[in-house]
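Here is a short note to read beside the structure. It takes the sheet, then the charged side chains.

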Amino acid sequence: MEMKCCSESLSQRSTISAMETALSSHSDDLSTLQHEVATLKSKVETTTQMNEKLQLAVEDLVSRSKRQNLRVIGIPEGAEGTDTRLFMTTLFKDVIGDTPPDTSFELDRAHRSLGPKPAQGSRPILVRFHRYIQKERVLLWAKKTRGISYQGYPIRFFEDFSASLAKKRASFNKVKSLLYKDGIRFGLIYPARLRVTIDGQSRMFDSADEAERFYRDLSSK
């Protein structure tokens, strides 16, 4: 009887020892998996950061490539004929003349924006000036001049921003409207930073949310 009990006890101890060994092995495996997960997480975070930097770099390159471009709105479809560049060169001379001093209208290219013709209205015409300063002078003239038209059609001139940059700049529209109503000086700085000037002191905002929080705090005082 005693021998049987001893045998059972030894068997149980052996079983417990085997279970402890198995648990230890599983614990080691779990530690290895946790380490691998942590390594993968670190790699994902690094890759995400690199991707964000690459996206910013691409966005910057796209924006820089468009800095000599001008977007002209309001010219009827087909008015440009078969040579849009020549048409726009002539239009600038006729509409603007020599109002901006020392401004030539040397265009590298001009074309309608891509996409089908709309049922109503017209697609913008994209114009690329040979020199950045030429575009800036025309844009400055357009901002100061009211009632610009071509054969009775009102036309407008805008910067040609990339889609993502245009969206970011547009995000400031709400707070700009609030600042304008309160008579507070502001300016949207390239590429998309809002400058607010109060009592001679200027503050810069990189996001619309940040600017709106500042406005709410200002209004509550």
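1. Angles run from 0 to 180 degrees between N-to-C directions. With that in hand, α3 lies across β1, β3 and β6. Its direction runs at about 130° to β6. Please keep in mind that this is a predicted model.

2. Now the sheet itself. The sheet is open and has four strands, ordered β2-β3-β1-β6. Pairing is antiparallel. The edges are β2 and β6, since each of them pairs on one side only. From one strand to the next, the twist averages 25°.

3. β2 and β3 run antiparallel and are joined by five bridges. Which residue in β3 is the bridge partner of Ala110? The partner is Val127. A helix packs on this sheet as well: α2 touches β1, β2, β3 and β6. The direction of α2 makes about 105° with that of β2.

4. On to charges. How many salt bridges does a search of the whole structure find? The search finds eight.

5. Arg71 and Asp160 meet through their side chains in a salt bridge, at 2.8 Å from N to O. Arg71 sits in strand β1 (residues 69-73), while Asp160 sits in the loop between β6 (156-159) and α4 (163-170), so the pair ties together parts that are 89 residues apart in sequence. Arg71 has a relative accessible area of 24% and is partly exposed. Asp160 is at 2% and counts as buried, because buried means under 20% relative accessible area.

6. Arg131 and Glu106 form another salt bridge, with the closest N and O atoms 2.9 Å apart. This pair also links distant parts of the chain, 25 residues apart. Arg131 is in the loop between β3 (125-129) and α3 (132-144). Glu106 is in the loop between α2 (84-95) and β2 (107-112). Both residues are partly exposed: Arg131 has 42% relative accessibility, and Glu106 has 37%.

7. Next, Asp206 and Arg193. Their closest N and O atoms are 2.7 Å apart, in a salt bridge. The partners are 13 residues apart and link distant parts of the chain. Asp206 is in the loop between β9 (201-205) and α6, and Arg193 is in strand β8 (residues 193-198). Asp206 is partly exposed at 42% relative accessible area. Arg193 is partly exposed too, at 33%.

8. Arg71 and Asp160 are the pair from point 5, with their salt bridge at 2.8 Å.

9. Glu212 is located in helix α6 (residues 208-220). Why does Glu212 have no salt bridge? The nearest side chain of opposite charge is that of Arg216, 4.3 Å away, whereas a salt bridge needs a side-chain nitrogen within 4 Å of a carboxyl oxygen. Leaving aside neighbours within four places in sequence, Glu212 is in contact with Ser171, Lys174 and Val175.

Definitions and conventions: Residues are numbered from 1 along each chain as its sequence is written. This is a predicted model: local features need pLDDT of at least 70, side-chain atom pairs count only at pLDDT 80 or more; totals for chains, interfaces and linings use all residues. Side-chain values use heavy atoms; hydrogens and water are left out. Helices (H or I, at least four residues) and strands (E, at least two) are DSSP runs, numbered from the N terminus. Buried means under 20% relative accessible area, exposed over 50%, partly exposed in between (1.4 Å probe, protein chains only). Lys and Arg count as positive and Asp and Glu as negative; His and the chain ends are not counted. Contact means heavy atoms within 4.5 Å. Two strands pair if DSSP finds at least two bridges between them.
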